[in-house]
Amino acid sequence: MGTGSRPDCTFCAHGAGRIATYTSGMLTPRQELLLRRVVDSYSSTGQPVGSKMLAAADDITYGPSTIRNELAVLEEQGLLAHPHTSAGRVPTDSGYRYFVDKLLPADPVQRRTVELSLVRREVDDAMRVATETLSQLTNLLAIVSAPSIQTTTVRHVEVLLLQPQMLMVVVITSTGGVSKRVFTFERAVDAGLADWAGSYLNEQLVGRPLGTRTLRGRLTDPALPATERAFVENLAPVFTQLEESAESTLYFDGAHRLFAEDRPVDVHELHELMEVLERRALLLGALQRALSSREVYVRIGAENDLPALRSMSMVAANYGLAARNLGSVSIIGPTRMDYGSIIGTVRAAAGELSRFVEDVWDSA
């Protein structure tokens, strides 16, 4: 078996294939119990887990020598590692993958609820609230990607004459995004021309995806009279501005939480992560892969494509409409995380955002 990916896998790596593999594919019930206890204990304490500690657990009836033998087998399988000769064991990336794929209880994950308080909020504000709430709930780095430009269309355009020489153009998108821009002219603007422009832009652009050649072409229609064509071309920057902002809209919160006292940090790795957060295009590329997944997307350690994330884990889920994924909700943290809780939280948050954008879509 490869990375833990399998046909009935609920939280799979989707072909990452970079972590060490467990060779037998299946463990005995005793081995699975011990692996589960090592993962749970290490996730809680950050300390290697020894045989004596496991033998003291109420649900483990095996003696220390039996436990030591089984831990050695799990280490041979690549599921556990031995940091020091006299220390206990810690899970490897493969150990976490086996735990997530085979040992994680399904019911508690599915019953997790998250209250995001998104009612009556603008889309930008809702994304920001969702990110902040997720970071606070998990004490980790939370990232929410806004609907991409490929999924966003123009819903309505307003051209408002504010003063004789000043007007404002307001563009509302299908995802509830709003772009406003004020234009100042050397001469007074004809009110009739402004009214015509509003009607024309709605007629030509509503329903058109942002960033397409078709949309830009309709702003420079050579069939228009010279005066009207020049006027519409002057208003084009509002659409360019919206396109540029939609291309890179990414919300994140909680990077400082990765410096928690109980989490050993590698300064070089954290520096690389900060660079990735600054270069949002790279991070958007990594998150984009979650949009093709129908289930929660889990990448553990070396499964991550970005080098800066290969000592961490990413849990992500998409949100959107019934027939279209619009964005993703994700948590990034150390491989030593509470996967059950994080997966449940991310899934619930994605569901809340899906309900929010459905309401926006229906009411806009």
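Biologist: Which residue of β10 stands opposite Gly320?

Modeller: Asn325 in β10 stands opposite Gly320. Please note that the model is predicted, so that local features require pLDDT of at least 70 and side-chain atom pairs count only at pLDDT 80 or more, whereas totals for chains, interfaces and linings use all residues. Residues are numbered from 1 along each chain as its sequence is written, and side-chain values use heavy atoms, with hydrogens and water left out.

Biologist: Over how many bridges do β9 and β10 pair?

Modeller: Two strands count as paired if DSSP finds at least two bridges between them. Strands (E, at least two residues) and helices (H or I, at least four) are DSSP runs, numbered from the N terminus. Here β9 (residues 312-321) and β10 (residues 324-334) are linked in the antiparallel sense over ten bridges.

Biologist: In what order do the strands of that open sheet run?

Modeller: Five strands build this open sheet, with antiparallel pairing, in the order β7-β3-β10-β9-β8. From one strand to the next, the twist averages 15°. Helix α6 (residues 123-138) packs on this sheet and touches β3 (141-145), β7, β9 and β10, its direction making about 30° with that of β7. Touching, or contact, means heavy atoms within 4.5 Å.

Biologist: Which strands stand at the edges of the three-stranded sheet?

Modeller: That open sheet has the order β4-β5-β6, again with antiparallel pairing. Its edges are β4 (154-163) and β6 (178-184); each has a single partner strand, so one side of each is left without a neighbour in the sheet. Direction ignored, neighbouring strands are turned by 15° against each other on average. β4 and β5 (residues 166-173) pair over eight bridges, and Val159 has Val169 in β5 as its bridge partner.

Biologist: How are two packed helices described?

Modeller: One gives the angle between their axes and the distance between the axes. Axes are lines fitted to C-alpha atoms, for helices over the stretch in contact, and angles run from 0 to 180 degrees between N-to-C directions. For α1 (residues 29-45) and α4 (residues 93-103), the axes come within 10 Å and cross at roughly 115°. The two helices are therefore roughly perpendicular (65 to 115 degrees; under 35 is roughly parallel, over 145 roughly antiparallel, the rest oblique).

Biologist: At what angle do α1 and α3 pack?

Modeller: α1 and α3 (residues 64-76) pack at about 85°, with axes 10 Å apart. Arg30, Gln31, Leu34, Leu35 and Val38 of α1 make this contact with Thr66, Ile67, Glu70, Leu71, Val73 and Leu74 of α3. Its residues are seven nonpolar, two polar and two charged.

Biologist: In which sense does α7 pass α9?

Modeller: The axes of α7 (residues 191-205) and α9 (residues 226-235) lie 11 Å apart at an angle of about 70°, and α7 passes α9 in a right-handed crossing. Among the contact residues are Trp196 and Tyr200 of α7 and Phe231 of α9. By class, this contact has nine nonpolar residues, one polar and one charged.

Terms used
Ala, Val, Leu, Ile, Met, Phe, Trp, Tyr, Cys and Pro count as nonpolar, Asp, Glu, Lys and Arg as charged, and the others, Gly among them, as polar. A crossing is left-handed if the near helix is turned anticlockwise from the far one by less than a right angle, and right-handed if clockwise.
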